[in-house]
Structures are given as C-alpha cells and as structure tokens.
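Try each task before reading its solution.

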Amino acid sequence: MASTIRVRATTSGETTEVQALIQHPMDSGFVKDAKGEIIPPHFIQQLTFEYDGKPVFSADWGGGVSKDPYVKFAFKGGKKGDDLKVSWVDNKGATDTTTAKIQ
Amino acid sequence: MRNAMLKSALPLVLLIAGATSALAEGSEADFKVAYAAAEAAHKEAGTLRNQWTTTAATLAAAKKSADAGEFDQATASAKEARALAKASIFQATSEKERWKDMEIR
Amino acid sequence: MRLRSAIHLASAALALALLTFAAPAVIAADTVDPVADAKAFKKFFTDKFPKVKLEDFVNGPYSMNEDMYKQWEEKEQFPPYEFSLEMGKEMFSRPFKNGKRFEDCFPNKGIGIRQNYPYFDEKEGKVITLELALNRCREANGEPPFSYVRDEMAALTAYMAFTSRGKPFDIKIPNDPRALEAYQNGKEYFYTRRGQLNFSCATCHVQSPGERIRAEVLAPALGILNAMPIYRSEWSGMGTTSRRFTTCNSQIRGVPLTPQDDEYRNVEYYLSYVSNGLPISGPGARP
C-alpha cells in the first residue's frame, strides 16, 4: 500500500524547510453521516519528524485538524542527503512512517 | 341545586364541543385548499426551472404542522409557501427579459 | 416570526422593485455573436483589473488579492489535490469489466483533450461536457455511471485536466443554429437572477469579483472554469463543475437542477467559450 505521507525537505545549509501532506480522514467524531449516524472519531494523535535520531517536530493532534493535513515547518541544521523520518499514530492504533532524503 | 346546574351545563358543554370540532374541521379544509394552491404554484415554478428552497421548506413545515393537527399554523405556512412560490414565478417570468440588463456587451 | 415577516417583505419588495425598475428600452433583436461576446467579456475584466495578466484570471480569487496570491503560491508547492489526482490517474487507466478503458472512448486516448470540452454534438443536437462524456463511456461499456457530484468523477476530471495543463481553452461553436441556441441559452442562464436571494451568476462573478461574500473572496467569471475541478478546503476534497453549479444554486436558495441538465451544460458551454485562449489550470485548489 502506498504511503500516506508525502514529504519534501530542502536545506539552505543553516535551516531545513519541511513540507508534508498526510492522507488521513481526520474524522472528529462530531459529524453525522447522511443517515444521521455519528461518523466515529478517526484522527492522527501523534505526528513526529526525526532527524539524526532526534525529534525535530512533534505534534499531538485532536479532532480539530482537518482531513488530509498539511504541515510546514523549519528546523536548524540538516544536511543534504541525510534522512528525515516521519511517522504518525492515530486513535485506532494505526501507524504509518516514511523516510525522505533532505534535498 | 347542583344537579340542576349540571343538567343545564351539559347541553352547553356539548354545544361548545360541537362548535370546536366544527372549527377544527374548517381549519383542516382551509389547510387543504391553501396547501393545494401552494403546491400548484411551486410546481409551476418548477416548469419555469426556478423553484426556491425556502418554498419547499415552508411547504414541508406546513405539512408537518397539519400532521400534528395544528391546522391554523399549517394554513398560515401554506399561504406563505404560496406567496414564495408566486414570487419565484414572477422572478422567472420577469428575468426572461431582465437578464439582458446584466449582460456584458 | 421576524424571519417570516422579513420574507413577506422581501417578496413584496422584490415585486415592487422589479415593477419600478422595469427595463424601459427595447433591446434590439439580438443576432447571436459569440466572437463579439468573448471579446467584450475579456475586455470587461481586463479593464476592471488592469494589473492582472490575462492568463492569471484562471486563478480566480488568488489573482484578486495580493495576500491570497502569496497563499496560493505556497499551496501550489505542495497542492492538497495530489491524492485525488493520483486516484484519478489510477481510475482512468483501470480497465472496465469488458476489458476496455476510458482511453478507448476519447481522442488521443483521453490525454491532453480537456480544453476541447464542452463541445456541441451535431448528431445529438446538444452540448456534451467532459463529465457527461466520461459517464457515457462507462455506460457504453456496461459500467454504472458515477455521481456527478462525488469523488470519483472529480478525481477522473482532475486527472484529465492535469494532462491539459497550460493548454488554452479551445471551445468551438459550429455553424449550426442549435449550437448558437445552446450558447445563447447558456448566456441567458448565466445572467438570469434566481433563488430567493435573487442572484445571478453575474451578480457575484461579474459585478463583484475581488469583493467578499461573507468570508470568501469572489472569483471573476473570466477563466472561472479553467481550474475545474477544484479541491476546496471548504469541501475537504475535490469537487466537480456539477457540484459547484448545484451548490451555487442552493446557496442562493434556488432548488438545484439535476447535474448535467441542459441549462448546466449550456452555461458551461458559454463560460468556457468566452474564456477561450486562457490556459487550463486544473485541477485547482480553492478556499
């Protein structure tokens, strides 16, 4: 199955800018379907970006984040060709992870 | 004394009961007429391809009130629905010419 | 209760206003001149927004507002429609149960042809849109049609639009009175006010582009279909032209017609034609 995570990381030497698009329904648990029944909550709870074995960005999310979330941030350091690891865990215990090379 | 009063109250009570049910029936008949007129106008707006969502919603509200036996409310809603439908027909008819006013030339 | 009186008042005011401001002049018996229409259409918008390049009108609200333009540029780096686009590509190449594919129904195997839709089918005497053509292809091959307002059709048209990115709209009106009539009907639909709010498409997209309706910045009508289908943040997903037409109708309190009804096909024909020459930018992203 294809990864749910699209990530692009570019370094200027001093800072690395990261953009990621994650495919996930991010159902809050407050929305009803056409039949009037609640769509059960299904959202990413933890998102982590790791560089050189250390987290450079981590997020604790709830149902307020919209479907297919987009994240953009920058961190100090990061060398071209190095790995950036991205992983998430959702409220159902599902996970996904991917590694991208810093450009 | 009480017996006499009760005896005379009974025909009065029956009279009032009869009158009220007659009124209620009149309301339902009024509703049916008003609703039919509203529905017809809404349908006509449909042939002109210009129905309003508020007309549909008001018709539904009228029906709901009628189902609950609230005929005065239902009739009022039906009349309002007809007014909305008539306005939508007026809009569609007049726009047949008026649209040209907006055209970029 | 106040709302009820307001409605009565509004309806009465509408009637009164229409009577009072009735068009006095006789509009000369119009011969339909799409070429002149398109020229006037483009001139209207380029005059109104002299700083916007003609081809940039296809970015809708993003070309109307500097702040939004910056957001759009950033969005394009990592567009939200990527998942839908991928799904569309996969769907497009997936064979039907009978072994055939979408590519068998379209010229050039369906690649790089979006800018030619809609077209007027002289055999049938009607306008054919891309969405309609896709469903006809499915039905001709024993498959059930997709809903015109759901994800599948949006993904498919997103992929086809993507293969045409940059190509200018090239809508043709054949020398056939029925085609001219369809074009003219589409034009009439565009300018006709409808719904309880008494808006025409032109009310927002000709009279008020760049201005706000509630929290949204309005797009100009010029180039408005070039970016279709669009991933709307409001929809949290990709939506078709049919979806946009029907929701616009209901938003002004008009009961929407059925997707791909003649009126919708014709207005798509008109709007696409007057944007001839502007590049396809779909699939697009919008607020």
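Helices (H or I, at least four residues) and strands (E, at least two) are DSSP runs, numbered from the N terminus. The model is predicted, so local features need pLDDT of at least 70 and side-chain atom pairs count only at pLDDT 80 or more, while totals for chains, interfaces and linings use all residues. Residues are numbered from 1 along each chain as its sequence is written, and chains are lettered from A and ligands numbered from 1 in the order in which they are written.

**Exercise 1. Find where Gly81(A) lies and decide whether Gly81(A) is buried or exposed.**

Step 1: Gly81(A) belongs to the loop that links β5 and β6 (83-90) of chain A.

Step 2: Apply the burial rule, with C-beta atoms placed from the backbone: buried means 20 or more other C-beta atoms within 10 Å of a residue's own, exposed means 12 or fewer, and partly exposed is in between. Gly81(A) has 8 other C-beta atoms within 10 Å, so Gly81(A) is exposed.

Step 3: Look for partners, where contact means C-beta atoms, placed from the backbone, within 7 Å. Beyond its neighbours within four places in sequence, Gly81(A) contacts Lys101(A) and Ile102(A). Gly81(A) and Ile102(A) are 21 residues apart along the chain, yet their C-alpha atoms are separated by 5.2 Å.

**Exercise 2. Work out which strands stand at the edges of the open sheet in chain A.**

Step 1: Write down the order, which is β1-β2-β5 (chain A), with antiparallel pairing. Strands pair if DSSP finds at least two bridges between them.

Step 2: β1 (5-11) and β5 (70-76) of chain A each have a single partner strand, so these two are the edges, and one side of each has no neighbour in the sheet.

Step 3: Check one pairing. β1(A) and β2 (residues 15-22) of chain A run antiparallel and are joined by seven bridges. In β2(A), Ala20(A) is the residue opposite Val7(A).

**Exercise 3. Describe how α2(B) and α3(B) pack.**

Step 1: The axes of α2 (residues 53-67) and α3 (residues 71-98) of chain B come within 8 Å and cross at roughly 165°. Such axes are lines fitted to C-alpha atoms, for helices over the stretch in contact, and angles run from 0 to 180 degrees between N-to-C directions.

Step 2: Classify the angle: under 35 degrees is roughly parallel, over 145 roughly antiparallel, 65 to 115 roughly perpendicular and the rest oblique. The pair α2(B) and α3(B) is therefore roughly antiparallel.

Step 3: Pick out the residues that meet. Among them are Thr54(B), Leu59(B) and Ala62(B) in α2(B), and Phe71(B), Ala78(B) and Leu84(B) in α3(B).

**Exercise 4. Is Ala158(C) buried or exposed, and what does Ala158(C) touch?**

Step 1: Locate Ala158(C) in helix α6 (residues 151-162) of chain C.

Step 2: Ala158(C) counts as buried because 31 C-beta neighbours lie inside 10 Å.

Step 3: Not counting residues up to four places away in sequence, Ala158(C) touches several residues, including Tyr81(C), Leu85(C), Pro229(C) and Met238(C). Ala158(C) and Met238(C) are 80 residues apart in sequence, and 8.2 Å apart from C-alpha to C-alpha.

Step 4: For context, 43% of the 287 residues of chain C count as buried.

Methods: Contact = placed C-beta atoms within 7 Å.
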